[in-house]
Amino acid sequence: MKKEDVKLEAAQELVNVEDVVNTKQEAAPPPPPKPPIPIEAPSEDVLEDIAIGETELDVNEQVTSAPPPPPKEEAKEEEEEAVFFVAVEEQPEPIGGIEAIQKRIIYPEIAKRAGVQGRVYIKAFVDENGNVVKAEVIKGIGAGCDEAAVKAVTETKFKPGRQRGKPVKVQVSIPVVFKLQ
């Protein structure tokens, strides 16, 4: 058998392809919840009638007028809360730098045993003379390190902060590093 070459000829058909626009089916929003039905609560608190006293005014009555007693003055605190600057032209600096604070730190024994390391941030209130009036922990690491950092900062003498050339009270935040060797 011999293979024959078969040629089929047919007219070409033109097919128009149209782009189909994607449509989105939106689900209808759920219906709003039904409003709650108010239920009358039993009220045991019944207001009783109030008796109003006599309201007539005798115009001819003699009244002795005495001045009102003077208001009692409570003992005012002599020391009002001092205002500490937050931002000044010259910030206070520890005399001897941060190293002076680091040298004063006594690493707590419990923190050494537990391997506690990190930074304690202290807010120090420095007066015009460079003394730390008050110190607070902003962020601590615990294990006695916070108290040791406050003690070290309080014992450190500072070069006072200056505003317009004058020494002023300033609050400063100081990072104290606790690191085991």
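**Exercise 1. Burial and overall layout**

Task: State what share of the 181 residues of the protein counts as buried, and describe which pattern the protein follows along the sequence.

Solution. Step 1: In this predicted model, 20% of the 181 residues count as buried.
Step 1: The protein contains three helices and seven strands.
Step 2: Along the sequence, these elements follow the pattern β-α-α-β-β-α-β-β-β-β.
Step 3: Contacts between residues at least 6 apart in sequence are then examined; 75% of them join residues at least 24 apart.

**Exercise 2. The open sheet**

Task: Determine the order of the strands in the open sheet of three strands, and explain why one side of E3 and of E7 is left without a neighbour in the sheet.

Solution. Step 1: The order is E3-E2-E7, and the pairing is antiparallel.
Step 1: E3 and E7 are at the edges and have a single partner strand each, so on one side each lacks a neighbour in the sheet.
Step 2: Neighbouring strands of the sheet are turned against each other by 30° on average, direction ignored.
Step 3: The pairing of E2 with E3 is antiparallel and comprises six bridges; here Ala124 stands opposite Ala135 in E3.
Step 4: The antiparallel pairing of E2 with E7 extends over nine bridges, and Tyr121 stands opposite Pro175 in E7.

**Exercise 3. The two faces of strand E7**

Task: Identify which residues of E7 belong to its covered face and which to its uncovered face.

Solution. Step 1: The covered face consists of Val170, Val172, Ile174, Val176 and Phe178.
Step 1: The uncovered face consists of Gln171, Ser173, Pro175 and Val177.
Step 2: For Phe178, the relative accessible area is 2%, which is under the 20% limit, and the residue is therefore buried.

**Exercise 4. An aromatic pair and a charge over a ring**

Task: Classify the pair formed by the rings of Tyr107 and Phe178, and state where the two residues lie.

Solution. Step 1: A pair of aromatic rings is described by two quantities, the distance of the centres and the angle of the planes.
Step 1: A search of the whole structure finds one aromatic pair. The ring centres of Tyr107 and Phe178 are 5.4 Å apart and the planes stand at 90°; because this angle is over 60 degrees, the pair is edge-to-face.
Step 2: Tyr107 lies in the loop between helix H1 (98-104) and helix H2 (109-114), whereas Phe178 lies in strand E7 (residues 170-178), so the pair ties together parts 71 residues apart in sequence.
Step 3: Tyr107 has a relative accessibility of 15% and counts as buried.
Step 4: A further ring, that of Phe125, has Lys134 over its face, at 4.9 Å from the ring centre.

**Exercise 5. A residue in a loop**

Task: Decide whether Thr156 counts as buried or exposed, and name the residues with which Thr156 is in contact.

Solution. Step 1: Thr156 is placed in the loop between H3 and E4.
Step 1: Its relative accessibility is 2%, so Thr156 counts as buried.
Step 2: Neighbours within four places in sequence are left aside; Thr156 is then in contact with Pro94, Ile101, Arg104 and Val132.

Terms used. Residues numbered from 1 in each chain as written. Predicted model: local features only at pLDDT ≥ 70, side-chain atom pairs only at ≥ 80, totals over all residues. Heavy atoms only, no water. Phe/Tyr/Trp six-rings, centres within 6.5 Å; stacked < 30°, edge-to-face > 60°. Helix = DSSP H or I, 4+ residues; strand = E, 2+ residues; numbered from the N terminus. Buried < 20%, exposed > 50% of the residue type's maximum accessible area, 1.4 Å probe, protein only. Lys NZ or Arg CZ within 6 Å of the ring centre and 35° of its normal. Pairing = 2+ DSSP bridges. Axes fitted to C-alpha atoms, helices over the stretch in contact; angles between N-to-C directions. Contact = heavy atoms within 4.5 Å.
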